[in-house]
Structures are given as structure tokens and as C-alpha cells.
Amino acid sequence: MAQTEHVANQLSRIHPDLVCEIVPMVTRGDKILDVALSKVGGKGLFVSELEQALLDHRADIAVHSLKDVPGELADGLTIGAVPPREDPRDAVIMRQDLDWDSLQKGSVVGTSSLRRQAQLRALRPDLKFDTLRGNIDTRLNKVDEGNLSAIILAAAGLNRLGRRDRISKLLDPAECLPAVGQGALGIECRYDEEVLKWLEPLSHEPTKRETDAERTLLQQLNGGCQVPIAGFAVTIPSGEIWLRGFVSDVDGREAWHAEASGHDPVDLGQGVAQKLLDMGAHKALSGWTE
């Protein structure tokens, strides 16, 4: 909702005659809070109800965290704008008297992400991981009440809600590669020329190109939330996009990394995905067929 209000305010500032009405919705991913996302199954847990509202003309745009958006959109819909990216990194939140690098063996860390668990197990095999669901305040309370030694959240969400002060440590992408699209917003709409014209000033071309590369990687891998997959792209001084991809088995015991750079985001995403598959990542991907 905070992200949607931000986009609505931006649209009203750019187009003073445009009246923006926010239509609150609750998705299946919001309702299922007692089960890990990886066990719920299916793609688009946080977007399918919003997509239906677009197709039914009950709404003109839908504001998503781009990391929640599947590689394949519903027919008739497109990502109309990708605004400038927030911090893409994962953040560690802990009590002030604790330190991530010196957490005791057996300490319990909360995260709902298989991607984070797989990579953090490689860094800290001595830690235990527990499922963490709910809104940001619910998750922060798990730390404050002493139920968990630490939790891992996307830095972008904390920043957008003015909770940057709760971050104990930011994980370098070299330690924990972000989710595809993490830190970016995806504004989805129908193929409507008028709506696309409204959204055009909000889009940030470097972020759009980088996330296009990441999302192509995800699409080629046919990945969902049941398999640990990460992809992160940045624009380098040469003007090329550098993309790194990651796939592992559910336990994080076997992992594959690949990277490349190039000018075309789609070619780059496809190329890095193929490298991962050639290395053996297809063994971990649910639904992959030779």
C-alpha cells in the first residue's frame, strides 16, 4: 500500500489533471501466513488477484514489488513502467546487543525465502532457519520479543516504510545474491495507449534494462518460489549490463553460479540461464524437462 500511494502521488504530480483512486486488495499470498511460500505452490501468489482486476477493468494499473511478479504475465497485460530501483540488497535485523558475524552456533534466523536460506547456509552452516511470514511489523516483533535471533528482509521495503534504522547489516550481493527484481517496482497495466502514456515518465531506463535481464533469466529457468533462484544485474561503466545468476537445490548443498555481460538484456538473460542449465542447474528446477 505504501508503494501504491507513492506511485499515485508521483502520477498526480506529473499529471495534475489525473485523479488517482486506490483500490485496496488482498492477495492469496497475503492470506496464507502459516505456511512457507515455497510450500504453497504456484506462481503469482501476490499478483494474480490484481491482474484479474486489470483484466476486468476494475483497475487501470497495479503496483507490485517486481520480485513478486512471475516471468510470464497474464495475457493482455504488460509492465508499463519500472521506476528507479531502491536498495536491492537483503538486510539483517537483530537486537542491538547481537552481531551477525558472531552469532552463536544454533541461533535461529527467520526468513520465508529459500533463496536466502540456501545462500546463508553456505555462509553460516552453523545457524538454523525458521519460516517467517506476515507484514514488516509482525516480522520485526519476532526479533523484539526474542523469538528469533535475527530476521532477513529486503532493504527496499524497510527503506520505503521509513524503517531504515532497524537494519543491523546489509548483505553484499557477493554474499547473498538478491531475488530477481528485488528493490524495484513493477507497474502493470493493460495494453492501453493512454495508460502507458501516463506511466512513461515514471520509468527509469537503466533499471528497466537491468530488471529485463533478470526477468528473462527467471523466465528461461521456468523458476518459481519452490526453487532457490537469484539474479542481479547492474549497468557497468562500458554501458553494458552485467548479470549474475544463481540456482541451488532446496537445501543449498549443491549450487550453480554463472555471469556474463552484454548490451541486450534479453540475450543476456537467456545466455546466463543457459550457462546455469549447462552446468547442471536443471537438476534442481521443478518442472524442467530435457
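Biologist: What makes the span of helix α9 (residues 205–221) agree with its 17 residues?

Modeller: A helix is a DSSP run of H or I with at least four residues, a strand is a run of E with at least two, and both are numbered from the N terminus. The expected span is 1.5 Å times one less than the number of residues, so α9 should span 24 Å, and since its end C-alpha atoms are 24 Å apart, the two values agree. This is a predicted model, in which local features need pLDDT of at least 70 and side-chain atom pairs count only at pLDDT 80 or more, while totals for chains, interfaces and linings use all residues. Residues are numbered from 1 along each chain as its sequence is written, and side-chain values use heavy atoms, with hydrogens and water left out.

Biologist: Which residues of α9 are called buried, and what do they pack against?

Modeller: Buried means under 20% relative accessible area, exposed means over 50%, and partly exposed lies in between, using a 1.4 Å probe and protein chains only. The buried residues of α9 include Thr207, Ala213, Leu217, Leu218 and Leu221. They pack against β9, β10 and α10, where contact means heavy atoms within 4.5 Å. After α9 comes Asn222, whose phi is positive, near 55°.

Biologist: Why are β9 and β11 said to stand at the edges of their sheet?

Modeller: The sheet is open, with 3 strands in the order β9-β10-β11 and antiparallel pairing, and strands pair if DSSP finds at least two bridges between them. Because β9 (229–235) and β11 (255–262) each have a single partner strand, one side of each is left without a neighbour in the sheet.

Biologist: How do you know that β10 and β11 are paired?

Modeller: Strand β10 (residues 241–248) is joined to β11 by 8 bridges, and the two run antiparallel. Helix α10 (residues 265–279) lies across β10 and β11, running at about 150° to β11, an angle taken from 0 to 180 degrees between the N-to-C directions of lines fitted to C-alpha atoms, for helices over the stretch in contact.

Biologist: Why is the meeting of Glu259 and Arg244 called a salt bridge?

Modeller: A salt bridge needs a side-chain nitrogen of Lys or Arg within 4 Å of a carboxyl oxygen of Asp or Glu. Between Glu259 and Arg244 the N to O value is 2.7 Å, so by this rule the pair is a salt bridge. Glu259 lies in β11 and Arg244 in β10, so the pair ties together parts that are 15 residues apart in sequence. With 37% relative accessibility, Glu259 counts as partly exposed, and Arg244, at 24%, counts as partly exposed as well.

Biologist: What makes Lys283 exposed, and which residue forms a salt bridge with it?

Modeller: Lys283 has a relative accessible area of 57%, and is therefore exposed. Its partner is Glu254, with the closest N and O atoms 3.3 Å apart. The two are 29 residues apart, Glu254 in the loop between β10 and β11 and Lys283 in the segment after α10. Glu254 is partly exposed, at 35%.

Biologist: What burial do Asp90 and Arg116 show?

Modeller: Both Asp90 and Arg116 are buried, and their side chains meet in a salt bridge at 2.7 Å, N to O. Asp90 is in strand β3 (residues 90–94) and Arg116 in helix α5 (residues 114–123), 26 residues apart. Together with Arg115, they are linked in a network of salt bridges.
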